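The sequence and the structure are shown first.

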Amino acid sequence: MSDSISEKVFQFFDTHVDPSRPLLLGLSGGSDSICLLHLLCDYQKTKPLDLHLVHVDHGWRDESRAECEKICELACELNLPIHTTRLTPEKYRTNLEAESRDERLEFFSQIATKISAQGIFLAHQLEDQLETVFKRFLEGSNLAYLCGMQSITKIGTLTIFRPLLCIQKKEIIHFLKQRKLSFFEDPSNKDPKFLRAKMREEIFPYLRTSFGKEFQESVLHISQEAKEMRAYFDEKINPYLAAYVPSDLGFLFDFSATFPAADIERRALFRCLGELYGFSFNRRQVELALILIASNAANKWLLVDGKRLFFDRKRLFILEKEESF
């Protein structure tokens with residue numbers, strides 16, 4: 001089974017890794033990231049890789065400082081450079097998981113920029129994908145987002161690679177047992193106060209028992225169809241995204257001559273605009289934006305995620321320098 005993991009993941013490496021540029025690996029010390037670390041070390045024997053490790057001590061648990069020290073020792077044993085930071089959860093105001101994720105990604109981006117990395121490898125695997133899709137479904141996400149995590153994605157300037165998305169957890173554990181590799185067990189992964197842990201430990205077992213069969217394959221099938229649908233709509237609306245006029249103040253999109261005919265394509269257009277320019281529409285804002293365009297409204301403002309959008313006679317201005325007004 002471990003050979004199967006190596007074969008599948010090495011195909012990903014062959015396709016996407018540029019050996020001429022440094023690479024980062026997000027190493028938590030858990031089973032998934034330890035597995036990916038050793039797969040990368042194996043691959044490093046076949047092609048020269050400038051591999052750097054990056055570890056984030058979330059500061060949630062007393063043991064995390066000692067774990068960080070052990071990870072640094074492991075990096076030293078493997079002769080790999082490591083970059084570490086400790087988060088400050090006591091300063092968070094709302095969602096512990098969300099704010100930790102944002103701070104973690106910011107650190108990854110800083111290190112990637114510092115070493116001119118091609119991107120960062122993260123060890124999300126198949127069960128993580130299931131949790132992501134299920135969580136987004138319960139939150140009522142746009143259908144396109146039910147595709148879950150992508151094997152390659154970009155957040156700001158940071159490229160994220162997830163080569164284990166097609167690998168099951170039991171395959172990873174088998175790989176580690178065969179090689180007698182140790183890893184950390186994070187108690188928060190089983191703490192039901194965190195939604196993902198609650199799904200993993202309570203909701204999914206309940207559904208399997210109540211439903212009477214495994215539902216993972218069905219959910220992931222929906223995820224795959226959502227991925228195909230997203231790709232289809234992205235292709236349909238790309239010409240609208242490309243037809244912009246840049247200025248010192250921001251970006252102008254002129255929809256007076258052409259605009260998607262179907263509402264589902266229009267919603268996809270605004271979703272992609274948000275992704276490109278760093279803001280996220282909620283449902284109400286999307287519908288309001290559609291009304292402003294369709295009604296030929298003049299001189300109307302919409303504030304979305306701190307970004308000011310100006311609508312005027314089927315034209316949309318995304319303002320980057322609102323202080324000029």
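## Salt bridges and a buried phenylalanine

Glu171 is buried, with a relative accessible area of 8%. The model in which this residue is described is a predicted one. The side chain of Glu171 forms a salt bridge with that of Lys8, at 3.4 Å from N to O. This pair links distant parts of the chain, since Glu171 belongs to helix α6 (residues 169–179) and Lys8 to helix α1 (residues 2–16), 163 residues apart. Lys8 is partly exposed, with a relative accessible area of 31%.

A further salt bridge joins the side chains of Lys169 and Asp32, at 2.9 Å from N to O. Lys169 lies in helix α6 and Asp32 in helix α2 (residues 31–44), so this pair ties together parts of the chain that are 137 residues apart in sequence. Asp32 is buried, at 12% relative accessible area, whereas Lys169 counts as partly exposed, at 28%.

The side chains of Glu275 and Arg271 also meet in a salt bridge, at 3.7 Å from N to O. Both residues lie in helix α9 (residues 263–277), and because they are four residues apart there, about one helical turn separates them. Arg271 counts as buried, because its relative accessibility of 9% falls under the 20% limit. Glu275, at 39%, counts as partly exposed.

| Glu171 | Lys8 | 3.4 Å |

Over the whole structure, the search finds 19 salt bridges.

Which residues are in contact with Phe134, leaving aside its neighbours within four places in sequence? They are Met199, Ile203, Phe204 and Leu207. Phe134 itself is found in helix α5 (residues 126–138), and with a relative accessible area of 14% it is buried. Between Phe134 and Pro260 the separation is 126 residues in sequence and 30 Å in space, taken from C-alpha to C-alpha.

Key
Residues numbered from 1 in each chain as written. Predicted model: local features only at pLDDT ≥ 70, side-chain atom pairs only at ≥ 80, totals over all residues. Heavy atoms only, no water. Salt bridge = Lys/Arg side-chain N within 4 Å of Asp/Glu carboxyl O. Helix = DSSP H or I, 4+ residues; strand = E, 2+ residues; numbered from the N terminus. Buried < 20%, exposed > 50% of the residue type's maximum accessible area, 1.4 Å probe, protein only. Contact = heavy atoms within 4.5 Å.
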